[in-house]
Amino acid sequence: MEKDSSKDFQLIIEGCCKRDRSSQNALYKLYYPYAMSVCIRYTESNSEAICVVNDSFLKVFNNIKKFGIDRPFKPWFRRILVNTAINHVKKQKKFKKEVAMDEARTTPYVEDVLSQINYRELIALVQSLSQSYRTVFNMYVIDGYKHKEIAKILGISESTSKSNLTRARAKLQELVTAKLNNPYV
Amino acid sequence: MSDKDSKDLDTLFQMGSEQYDFEYNPDAWGQMETLLEKDKRKRGLIWWWLIGFGILLLLGGIWYYNVRPIVTEIPLLKQAVEKQKIQDKTNNVGQDNQTDLLGSQKPANVDEKMIKKTIFPSSKVETKNDKKGKIPIKKPINQPIVNTIVQTQETIPKITVNTLNVDNEDIKKATENTSQLDVPHLTSVEIETQENNPISSEAIATQTTYLISPISSLPYVYLDIGKKKPVFLEFDQVLSQADHSSFDPFLRIGIVLASEITAVGSDNISKPDFKVGIQIEYNYNRKYSTSIGANYIRKNYEAGKGEYIPPQGFWTRAIAPQSTQGVCNILELPVMIGYYPRGTAQTGFYAKVGLTSYLMLRERYDYSYDLPDSDLKRKWGTRDQTEHWFGIGKFSLGHQKVYKNGMSKQLAAYLQAPLTGIGHGNVKMWSIGMRLVVHLKTAKK
């Protein structure tokens with residue numbers, strides 16, 4: 001979607017710089033779905049995700065003047081979303097706990113899974129993980145952080161980060177398999 | 001789990017995360033608006049704190065450079081006082097006990113390194129030990145001694161008159177002359193009389209600073225000169241300052257320049273607006289004055305939802321805008337009462353309180369809505385010249401500097417509080433700013 005380069009988008013950004021409420025609303029409408037897709041992975045519920053999304057948008061509106069209009073908005077916004085979500089997780093301080101894992105099972109091919117499980121269900125699987133597993137999994141797999149960075153941000157050791165990831169994967173694999181075997185669960 | 005399995009799992013969720021299907025949630029936007037309002041209020045409070053701090057800094061700076069007492073160290077006085085001690089001992093005059101340089105009876109505001117400056121006349125002083133480089137002190141024979149302590153601080157200086165040879169007629173005669181002394185820091189002077197107290201070393205030592213005038217038929221005069229170059233004065237010139245019982249009211253006209261910011265409610269702080277005008281001040285009393293003025297200002301402000309309240313039926317389909325930007329040309333007519341603790345004709349701090357009237361010469365408004373409806377009112381203006389008599393309360397704190405040629409300059413911080421709604425939208429606008437008044441002429445009544 002070429003919304004970053006369109007004139008309308010530029011006008012929206014200029015309006016946000018002037019703290020025009022209608023421009024802020026327009027930007028919110030445009031990127032709300034994307035923001036929710038990022039934040040929902042870090043939270044346990046929709047309402048919690050909305051809080052994180054709103055905090056992120058507040059940071060965007062307060063710092064919109066620092067955003068150069070010639071840059072793509074989405075990556076800048078994504079960074080804010082992920083950082084806000086991580087800060088939200090850190091405040092809750094549950095990510096340091098580790099939960100015992102079950103044995104992992106073989107995962108079917110990706111395409112087969114995606115044809116049978118929709119996005120919402122995948123998200124629900126991620127949300128069912130403990131916060132510590134969920135956070136590390138999201139940061140490493142989806143958002144591309146390295147274990148060293150994850151350890152520094154969350155204040156845990158690298159080995160804890162790696163073990164959490166392994167356990168998260170094992171748990172998800174188990175859940176995906178169970179879902180495929182019994183889609184009505 | 002094997003690496004392939006891990007990779008497959010990762011890919012699964014990465015691809016899945018790209019297929020989001022969330023829809024816009026109006027309730028979420030409602031929560032967002034609440035956050036935005038809270039943030040706006042918070043930013044507004046920060047500005048008020050910064051402005052208050054800035055005003056404090058400014059007043060502190062003015063006090064530091066203009067009001068605090070200045071002392072300079074003159075080591076020669078030590079020699080002079082020592083000399084006087086010896087002379088007193090020799091003459092056996094009123095010396096009760098030995099005291100050090102500053103004396104055990106030093107005033108409360110004199111510290112151990114307090115300075116005294118003594119300047120003696122060049123040629124006509126007769127002393128016993130008149131050597132080059134040393135400063136002699138001579139106590140005149142059969143001459144009344146007048147000690148005048150003229151402080152640059154808040155205390156009113158006193159003239160201590162030794163009643164040995166000066167009677168009330170002399171004092172009364174001298175006080176009839178009300179010409180102003182040519183000493184910038186000299187304030188009003190009081191007279192107090194002492195009974196036959198000859199000057200002793202303790203008395204000299206306890207003076208903060210003093211100056212001895214040339215010998216003449218009139219008594220000596222000692223003046224505290226602060227940091228300025230001393231001026232030799234005759235007795236009658238000094239005593240003329242003691243005339244504080246009568247005051248000539250006077251009028252002065254000034255040019256006003258000001259800059260202020262406006263806030264509606266507790267937020268929506270505007271950019272600075274500039275004001276220009278004239279002021280006429282009538283100083284009817286030593287410490288009080290009344291002033292009226294006329295100032296022109298082009299005021300910019302923003303009012304949030306609910307802060308701009310026009311007459312009923314003004315909004316299209318009763319839909320009020322989210323925010324209103326106002327630009328108003330205003331003629332401001334302040335009426336103030338001023339209080340000058342150090343005197344209306346003196347350099348020092350002052351306070352003013354009063355009421356201001358706003359005559360709206362022109363009003364222009366831009367209305368912003370959440371809705372895109374094209375029939376909603378977006379702009380409006382009027383030249384109706386609404387009048388708000390005494391609708392704004394005003395308070396200011398400032399510093400006045402009076403110059404020798406009758407000119408004076410006042411710099412003040414002020415606050416304007418709404419007593420009524422202003423303009424078409426009945427907006428309650430607060431203003432805070434800085435004001436400079438230059439009085440061009442002082443005319444006595």
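These notebook entries record what I looked up in a predicted model with chains A and B.

**Entry 1. Conventions**

I noted that residues are numbered from 1 along each chain as its sequence is written, and that chains are lettered from A and ligands numbered from 1 in the order in which they are written. In this predicted model local features need pLDDT of at least 70, side-chain atom pairs count only at pLDDT 80 or more, and totals for chains, interfaces and linings use all residues, while side-chain values use heavy atoms, with hydrogens and water left out.

**Entry 2. Chain A as a whole**

I looked up the secondary structure of chain A and found nine helices and zero strands. Helices (H or I, at least four residues) and strands (E, at least two) are DSSP runs numbered from the N terminus. The order of elements in chain A is accordingly α-α-α-α-α-α-α-α-α. Of the 185 residues in chain A, 51% are buried; buried means under 20% relative accessible area, exposed over 50%, and partly exposed in between, with a 1.4 Å probe and protein chains only. I then turned to contacts, meaning heavy atoms within 4.5 Å. Among those in chain A between residues at least 6 apart in sequence, 71% join residues at least 24 apart.

I located Ser161(A) in helix 9 (residues 158-181) of chain A. Ser161(A) counts as buried because its relative accessibility is 0%. With neighbours within four places in sequence left aside, Ser161(A) is in contact with Val136(A), His147(A), Ile150(A) and Ile156(A).

I located Gln92(A) in helix 4 (residues 73-92) of chain A. Gln92(A) has a relative accessible area of 30% and is therefore partly exposed. Apart from neighbours within four places in sequence, the contacts of Gln92(A) are Glu48(A) and Gln131(A). Gln92(A) and Gln131(A) are 39 residues apart along the chain, and their C-alpha atoms are separated by 9.3 Å.

**Entry 3. Cysteines**

I searched all chains for disulfides, defined as pairs of cysteine sulfur atoms within 2.5 Å, and found zero. Cys16(A) is in no disulfide, as the nearest cysteine sulfur, that of Cys17(A), is 7.2 Å away. Cys16(A) has a relative accessible area of 0%, so Cys16(A) is buried. In chain B, Cys328(B) also counts as buried, because its relative accessibility is 0%.

**Entry 4. Chain B as a whole**

I counted six helices and 14 strands in the secondary structure of chain B. Buried residues are 43% of the 445 residues in chain B. For contacts in chain B between residues at least 6 apart in sequence, the share that joins residues at least 24 apart is 70%.

**Entry 5. Strand pairing in chain B**

Two strands pair if DSSP finds at least two bridges between them. I found strand 8 and strand 9 of chain B paired in the antiparallel sense over 15 bridges. Within this pairing, Arg298(B) has Asn329(B) in strand 9 as its bridge partner. Strand 9 also runs antiparallel to strand 10 of chain B, with 17 bridges joining them. There, Leu331(B) has Leu359(B) in strand 10 as its bridge partner.

**Entry 6. Positive phi in chain B**

Most residues other than glycine have a negative phi. I therefore looked up two that depart from this. Phe390(B), in strand 12 (residues 387-402) of chain B, has a positive phi near 50°. Its relative accessibility is 44%, so Phe390(B) counts as partly exposed. Asn426(B) has a positive phi near 45° and lies in the loop between strand 13 (408-418) and strand 14 (429-444) of chain B. Asn426(B) is partly exposed because its relative accessible area is 38%.

**Entry 7. The second largest pocket**

On a 1 Å grid over the protein atoms alone, a pocket is an open set of points where a 1.4 Å probe fits, with protein on both sides within 12 Å along at least five of seven lines, and lining residues have an atom within 4 Å of a point. I read a volume of about 1600 Å³ for the second largest pocket, a volume being the space filled by probe spheres set on the points. The lining has 47 residues, and those nearest the centre are Lys18(A), Arg19(A), Asp20(A), Glu302(B) and Gln325(B). Elements that each supply at least two lining residues include helix 1 (7-17) and helix 2 (21-39) of chain A, as well as strand 8 (288-304), strand 9 (323-339) and strand 10 (348-368) of chain B. Helix 2 of chain B gives the most, with eight residues.

I sorted the lining into 14 nonpolar, 14 polar and 19 charged residues. Here Ala, Val, Leu, Ile, Met, Phe, Trp, Tyr, Cys and Pro count as nonpolar, Asp, Glu, Lys and Arg as charged, and the others, Gly among them, as polar.
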